[in-house]
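This report describes the surroundings of two ligands in a single model. Please keep the sequence and the structure in view while reading.

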Amino acid sequence: MSALLLTGISELVTNDPRCGDGSALGLLSDAAAVIEGDRIAWVGEATAAPAADEVRDLGGRAVVPGFVDSHSHLVFDGDRSAEFAARMSGTPYDGGGIATTVAATRAAADDRLRALIGARIQEMRAQGTTTVEIKSGYGLTVADEARALRLAGEFSPETTFLGAHVVPAGIAREEYVRLLCGPMLAECAPLARWIDVFCEPASRHAFDAEESRAVLEAGRRAGLELRVHGNQLGHGPGVQLAVELAAASVDHCTYLSASDIEALAGSDTVATLLPGVEFATRSPYPDGRALLDAGVRVAIATDCNPGTCYSSSMPLMIALAVREMKLTPAEALWAATAGGAMALRRADIGVIAPGNKADLCVLQAPSYLHLAYRPGVPIATAL
Ligand code: NIG
Ligand code: FE
């Protein structure tokens, strides 16, 4: 296998505290890395770099782990920009607009959806993202949910069954929960790694604690691992349920009580913050600082979807987390890389270390600090 040596790295963020300065980011200055195939083979100071078949000089740029976007809804067609405009004039978000996307997505041919997902993933890579989790949830029939997962699986191994997004029109709530836990799960479980539920009693479209528990427990019995959309629109049971069921992650966490934070701190469940959602729904940002100070494991993701955040930009999410959630630039970068990997229970990404996937993001800047310092400027690209 031929080896590629990357040199001229002004600053390498490894996320390996055994490396470099010993901080959580494991920062190395004047660094180099060797890649063999799709894996990292060596990381260290440029002066100690081994010989390689090919050398590429990055000319003084910073390199960070590829972003791990652990929450997205990329399988959709249709446009909801008018809903966004109405929201900016005061109409609150309640999940009702999901029905618009469900209709447009059901009507789209496979090839059209495939092209849309592919273009969105290209857009993400162009901004430094190397791993993306993709949810279903705009099909809401057995055939349409299975189709969404089949298409998502063509692009990522991190596929999530979100039949429990909202109760679709034309079916009673109890009947839909039975469908979800029975035939729909049976068809979708082999196509997904994860199961997710929009647990939000504050929305008449989403699911309460009891319904969410039934869906998640059925998913676990079918071999799926758990994630939860929780506490997005108001205080509620999502966080506590996710912790109780040892879900890998509870996402949004916009409204958190002291006991929610305490429960998260005493658990392995990651709190995934989605600052683009607060931005695009004009909601209050959660206190990320309080989560970190309590010892909660925190990730940052885009939630890229047509309703609450149509942005694919992890650098924007980092900048918002720093500015609005009081994370330091180092904490925000860690949460967008190693934190995302933790939320997906992946040990082979998020950390640049020998044996791990060679998922790298190159910055048109000398330091990772520029991610938050230069918001909106396209400085990050996947290698
Ligand atoms: O993560 N909250 C539920 N689902 C998405 C939004 C879906 C939509 O409005 O289309 C979210 O915010
Ligand atoms: Fe979401």
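In this predicted model, an N or O atom in the side chain of Arg80 lies 2.6 Å from an oxygen atom of ligand 1, and the table sets this polar contact (a pair of N or O atoms within 3.5 Å) beside two like ones.

| Side chain | Distance to an oxygen atom of ligand 1 |
|---|---|
| Arg80 | 2.6 Å |
| Tyr93 | 2.5 Å |
| Tyr138 | 2.6 Å |

Of the 330 Å² of accessible area that ligand 1 has on its own, the protein covers 100%, with areas taken from the Shrake-Rupley method with a 1.4 Å probe. Around ligand 1 there are 15 residues, and the closest include Gln232 and Asp303; a residue counts here if one of its heavy atoms lies within 4 Å.

Because His229 lies in strand 10 (residues 225–230) and Asp303 in the loop between strand 13 (298–300) and helix 11 (314–325), the pair ties together parts that are 74 residues apart in sequence; helices (H or I, at least four residues) and strands (E, at least two) are DSSP runs, numbered from the N terminus.

Residues are numbered from 1 along each chain as its sequence is written, while chains are lettered from A and ligands numbered from 1 in the order in which they are written. Local features need pLDDT of at least 70, side-chain atom pairs count only at pLDDT 80 or more, and totals for chains, interfaces and linings use all residues, while side-chain values use heavy atoms, with hydrogens and water left out.

Technical notes
A polar contact is a pair of N or O atoms within 3.5 Å; within protein, one must be able to donate a hydrogen and the other to accept it, and residues adjacent in sequence count only if both atoms are side-chain atoms.
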